[in-house]
Amino acid sequence: MAVFERCCCCSLRTGCLVFGTLGLVMALVNIGLEIHEFVSSGLATEEELQFMEELREVFLATCILSTLQSVVSITTCSLLIYGIHQAKYKLILPTLVWNPIDVCIDIIIIIYYNVLFDLDLHIVLITTAVYALVSLLCWLCVFSHWRMVKVQVGAPERMEM
């Protein structure tokens with residue numbers, strides 16, 4: 001697997017700190033948006049309530065799933081930032097595991113909403129592909145930094161059984 005030596009125009013360390021910080025901020029904003037959605041759904045008009053009744057289970061499940069994703073993302077991004085500052089590769093690992101899972105969950109939700117609301121397939125495919133590609137590039141930068149930190153601290157390349 002290719003290992004990056006730089007992340008865009010900055011060092012891997014700086015790039016990973018930026019990714020961790022942006023992930024942390026986006027997860028916190030997402031939790032705020034989900035709280036706002038719960039509160040505003042209680043203030044809906046009669047017409048909006050009729051529409052929401054049909055999709056209440058979908059709305060509730062999506063809000064809960066999104067909130068859980070954000071809580072896990074806050075945890076992993078915090079560990080990523082701390083792990084980068086302390087040069088502890090084991091604290092960077094949760095981000096490497098969680099990000100692909102998070103992207104898969106998001107893609108499944110996007111596909112589900114596409115089927116449910118009959119959205120334009122071309123736009124959905126293009127935006128999903130761009131999202132997956134950007135996520136892959138971010139993951140590769142974090143992976144590269146993780147490998148670099150492992151080498152710096154003299155960690156074994158493979159676990160022995």
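This is a predicted model: local features need pLDDT of at least 70, side-chain atom pairs count only at pLDDT 80 or more; totals for chains, interfaces and linings use all residues.
Helix H3 spans residues 89–117 and comprises 29 residues, reaching 43 Å from its first C-alpha to its last, which is close to the 42 Å expected at 1.5 Å a residue. Along its course H3 bends by about 25 degrees at Trp 98, with a proline, Pro 100, following within four residues. Trp 98 is also among the buried residues of H3, which include Tyr 89, Ile 92, Thr 95 and Leu 96 as well as Asp 102, Val 103, Asp 106, Ile 109 and Asn 114. After H3 comes Asp 118, for which phi is positive, near 50 degrees.

Helix H4, formed by residues 121–153, has 33 residues and a reach of 47 Å between its first and last C-alpha, close to the expected 48 Å at 1.5 Å a residue. Gly 154, which follows H4, likewise has a positive phi, in this case near 75 degrees.

The two helices pack against each other at an angle of about 175 degrees, and their axes lie 9 Å apart. Because angles over 145 degrees count as roughly antiparallel, H3 is described as roughly antiparallel to H4. The contact of H3 with H4 involves 18 nonpolar residues, together with 6 polar and 2 charged ones.

Elsewhere in the model, Ile 74 is situated in helix H2, which covers residues 46–86. When residues up to four places away in sequence are not counted, Ile 74 touches Leu 24, Ala 27, Leu 28 and Ile 31. The C-alpha atom of Ile 74 is separated by 7.5 Å from that of Gly 23, although these two residues are 51 residues apart along the chain.

Definitions and conventions
Residues are numbered from 1 along each chain as its sequence is written. Side-chain values use heavy atoms; hydrogens and water are left out. Axes are lines fitted to C-alpha atoms, for helices over the stretch in contact, and angles run from 0 to 180 degrees between N-to-C directions. Angles under 35 degrees count as roughly parallel, over 145 as roughly antiparallel, 65 to 115 as roughly perpendicular and the rest as oblique. Ala, Val, Leu, Ile, Met, Phe, Trp, Tyr, Cys and Pro count as nonpolar, Asp, Glu, Lys and Arg as charged, and the others, Gly among them, as polar. Contact means heavy atoms within 4.5 Å. The expected span of a helix is 1.5 Å times one less than its number of residues. The bend at a residue is the angle between axes fitted to the seven residues ending there and the seven starting there. Buried means under 20% relative accessible area, exposed over 50%, partly exposed in between (1.4 Å probe, protein chains only).
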